[in-house]
Amino acid sequence: MDPGMLVKHSFDKAADKYDRDRRMLIPCFDDFYASILELIPFPPDAPRRVLDLGAGTGILSAFIAEAFPRARITAADFSENMLDQARRRFASQPERVELLLLDYAKDDLPRDFDAVVSAMSIHHLAQPGKRALYGKIYDTLREGGIFINADQVLGPTPGMERHYHAVWLRQVREKGIDETSMAECLERMKEDKQDPLLDQLAWLREVGFHPVDCAYKNFRFAVFWGRK
């Protein structure tokens, strides 16, 4: 099976309990998502356009919709089951949140956004796919727009990566996750293709983003960005 289809199948199966597990699987959940909102540079009352790539059930889109009540959000994902969950989440505001079935690794992106955001998604792409996607994101942004990626990154050395993983396992179990969910997550992680943070910042520069920076990092969880 194509690697992308394996990932899609995994997330189709996980959709029903995805939100419940997400807070446990990201031990720094609150700071992680708050950092994304802090980086969005336009005022809360500005009628801007935001594209959420790999939106899943709409967790990040919901935070943005609440913090920026005049923003119009396109939440894109390649899992029909995830988008079904998002559809229920945004049932009361269909005029503000558009749901889009889209595989960002293969499909063209919609155009003319003030911000493109993504949370815990792009690490499923191998290095060439990440670099190609960063170029597509640059092209879809309006001049002055921002790309914010909140994701898990590879430790800078094999030893540090093993340490990051051990810390993550301990923290997740301390959060109280059940062993079935833990096993399902570890199985999904076999499809992960993490890359180091510094490499990804360099790839953002290569496609034209300037400046670029990492605003938040907690072991393997990083929030980094670039301006067009």
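A salt bridge is a side-chain nitrogen of Lys or Arg within 4 Å of a carboxyl oxygen of Asp or Glu. Buried means under 20% relative accessible area, exposed over 50%, and partly exposed in between (1.4 Å probe, protein chains only). The model is predicted, so local features need pLDDT of at least 70 and side-chain atom pairs count only at pLDDT 80 or more, while totals for chains, interfaces and linings use all residues. Residues are numbered from 1 along each chain as its sequence is written, and side-chain values use heavy atoms, with hydrogens and water left out.

Start at Asp192, in the loop between helix H8 (179–188) and helix H9 (197–207). Helices (H or I, at least four residues) and strands (E, at least two) are DSSP runs, numbered from the N terminus. Asp192 is buried but has no salt bridge; Arg220, the nearest side chain of opposite charge, is 6.5 Å away. The side chain of Asp192 does make a polar contact with the side chain of His123, at 3.4 Å. A polar contact is a pair of N or O atoms within 3.5 Å; within protein, one must be able to donate a hydrogen and the other to accept it, and residues adjacent in sequence count only if both atoms are side-chain atoms.

What does Arg220 pair with in a salt bridge? Its partner is Glu161, at 3.1 Å from N to O. Glu161 is in helix H7 and Arg220 in the loop between strand E6 (212–218) and E7, 59 residues apart. Arg220 is buried, with a relative accessible area of 2%, and Glu161 is buried at 15%.

The whole structure has nine salt bridges. Another of them joins the side chains of Lys130 and Asp195 (2.8 Å, N to O). Lys130 lies in helix H6 (residues 127–140) and Asp195 in the loop between H8 and H9, so this pair ties together parts that are 65 residues apart in sequence. Both residues are buried. In the salt bridge between Lys190 and Glu187, the closest N and O atoms are 3.0 Å apart. Here Lys190 is exposed, at 60%, and Glu187 is partly exposed, at 47%.

Next come the nonpolar residues. A nonpolar core is a set of buried Ala, Val, Leu, Ile, Met, Phe, Trp, Tyr and Cys residues joined through side-chain atoms within 4.5 Å. The largest has 42 residues, and Ile148 is one of those with the most contacts inside it. Helix H3 gives this core its largest share, five residues.

Notes. Lys and Arg count as positive and Asp and Glu as negative; His and the chain ends are not counted.
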